[in-house]
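Walk through this structure with me.

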Amino acid sequence: MNHSILLDNYSPAADFVVTAICFVMIILLAVSYVSRTRSSVLFLSMVGLVLAAAWTDILFYTLAVKPDHLVLANWIRCFYHALLFLIFVHYVAYICEITHYKNSKTYLFLANALFAAVLLADIITTAQGPTFYLVETGIRFVRRGIFFYAYIGFLVLCLLLMARVSNILFRPVMIGFYGTMGVSLLLLLLQGMMGQSSFTVAGLQLPVIAMMYILHSNPYDAELGTNDIRALQDMVKYCSEKKKDFMFMSLYMWELDEEGKEIPDEMKRLIWQLAFRFFRKVRLFTVSRGHVVLIFPKKQNPDYEKGIQKMLDTFFPLYEKFGYDYKIVIGESVDEISLSGEAIDYIASIHRTMPECSVHRVIPEDIHTFHRYEYILNELADIYKKHDPDDPRVLVYCQPVKNVETGDFDTAEALMRLQLDETGIVFPDQFIPLAEEEEYIHVLTEIILHKTCMAMRSFTEAGYGIRRISVNVSAQELKEKSFCSDILGILERCGVSGEQIAIELTESRSERDFMLMKEKIEQLKGKGLTFYLDDFGTGYSNMERILELPFDIIKFDRTLVQAAATDERSRMMVSNLSNMFTSMNFDVLYEGVERDADEALCLEMSAKYLQGYQYSRPVPIAELSNYLSRKPSPAGGDKEAS
């Protein structure tokens, strides 16, 4: 004999509320920024499934009370169950995705297998006949237990998975998920005890709401336990307004900001474990993939210096293990910076001037430096906006280069300077990184190239014997689609040929950038331009790639000259490299020649060109004529200056 249960207390009101909440969530997500990740796709799918389940439930109860539609209503209820269990499958997939759980395939298989088994059983049961029938007081369901036991099975699977990832998920995130699922289960139990069926979908919607609040609307990194940059700015401003002094520690690892990289899981876990072990009321924030900021109140952490030292002592071995270069900044709140919303820029300005693998304790001078950088950045923005090829703030200096074969200074390197009202002369190391970060660099290159070309034409018309002047170009600029046409357009407008201009590039590590560099070099070489490989011997040098790129001149960095002067093995290495390049039809230019001994050494090591303070410091480009010889006139005499 079939047991049955009377459910005559259904009201569509609960499902209408679920529908309204789903639409509110969709609206909020539409007007806010949501990263296009797999987790966000899974989340949106759950919202859609909850919405579909609510309306399927309403449709079932609408048809079930009509005797002519009992069969259709029966199959709609089967579809309704499928939607509910599919929500559970998405729960499992979502937890696996946000935690990157290594055994996620096992749990996804179990979830899908359970779903398939339950769906098959429900279809068979439905095909055997109606699972409900009408009575005068309502709808009586045949108690066969499929939905109840399947629900318990999925719930156990989800809780087991969350227990497995408890050492990965940030603790408040775990508490949020467990608490919400507990409330959901309690709601469904109370519903069953009261003979109700109105809140089934609402119970499954509660964890979805938790996901939105914890990981999307108020974005948490589930593994590291961090908020995003907006939350950081809000907290800094709030603390300053409330006169709550705080300390901060900033960890920046530039290599992790590259595409496809992220902080290793072991390091993630250790960072938040240490933060919450050593400090009270601490908060973590993610500025970028490789930049994490920790903030804690001073008042609640009177022994914070000990905590900071313990964190550093624990972090340093991680560098030995993972090998990522780091910059750590430690400081306390500055109201002037916090209230203006410039905290991130302030920290970034300190990172910019720090050596790799170092720790910096903030000093008052850093604020002055930051304001100086902000002023320079504003000037760069104005230069970029005006795009004036004759902008007086961009100066061209030149350093003459000696041709060993002729003994003349027939080439030179153009060097950029800024002349600003509040700072005077600004050197490249102080503004080039800023220009690259803000993508102003190409406009600066266009301006210096224009001014160099105009000076080159003037020297040529005056009869000076100068073959070419080189201009430094950032590898970042090669990504500009118009790069080659911009360069050639400036040469054409200034009346200068490609043979009179050279471009200096530094080798890139990226495979994509390497191919782009090769393409652009080949395109411009076809127009006569010469190409230098700058800074050979510093940082990253891949010999195979260097030989594949069509450079004309290899510039040996000053450090190679210094090493060769003090160590015999270094001298042999540098000399052999220079001989190899020479035999392969590259010209070798040595930078940083400062003494007679440097010159003699470089001449022994197959130098074609020499550059350095031995001959001249960089001078305004107009003064370059002091180092140039005159071409003989056709009649044999010297050409007079015009």
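On the surface, Asp 345, Glu 438, Glu 439 and Glu 480 form a patch of negative charge. Patch members have over 30% relative accessible area and no salt bridge, with like charges joined within 9 Å. A salt bridge would be a side-chain nitrogen of Lys or Arg within 4 Å of a carboxyl oxygen of Asp or Glu. This is a predicted model: local features need pLDDT of at least 70, side-chain atom pairs count only at pLDDT 80 or more, and totals for chains, interfaces and linings use all residues. Residues are numbered from 1 along each chain as its sequence is written, and side-chain values use heavy atoms, leaving out hydrogens and water.

Take Glu 438. This residue sits in the loop between α14 (428-437) and α15 (441-461). Helices (H or I, at least four residues) and strands (E, at least two) are DSSP runs. Glu 438 is partly exposed, at 38% relative accessible area. The classes are buried under 20%, exposed over 50%, and partly exposed in between, with a 1.4 Å probe and protein chains only.

Glu 439 lies in the loop between α14 and α15. Glu 439 counts as exposed because its relative accessibility is 57%. Its phi is positive, about 60°, yet Glu 439 is not a glycine. Most residues other than glycine have a negative phi.

Ser 606 also has a positive phi of about 60° without being a glycine. Its loop runs between α21 (596-604) and β18 (609-610). Ser 606 is partly exposed, at 23%.

Is Ser 616 buried or exposed? Ser 616 is buried, because its relative accessible area is 5%. The loop between β18 and β19 (619-620) holds Ser 616. Its side chain makes a polar contact (N or O atoms within 3.5 Å, one able to donate a hydrogen and the other to accept it) with the side chain of Tyr 627, at 3.1 Å.

Notes. Patches are made of residues with over 30% relative accessible area and no salt bridge: like charges are joined within 9 Å, nonpolar side chains (Val, Leu, Ile, Met, Phe, Trp, Tyr) within 5 Å. Accessible areas come from the Shrake-Rupley method with a 1.4 Å probe; for residues, only the protein chains shown count as cover. Lys and Arg count as positive and Asp and Glu as negative; His and the chain ends are not counted. The place of a charge is taken as NZ of Lys, CZ of Arg, CG of Asp or CD of Glu.
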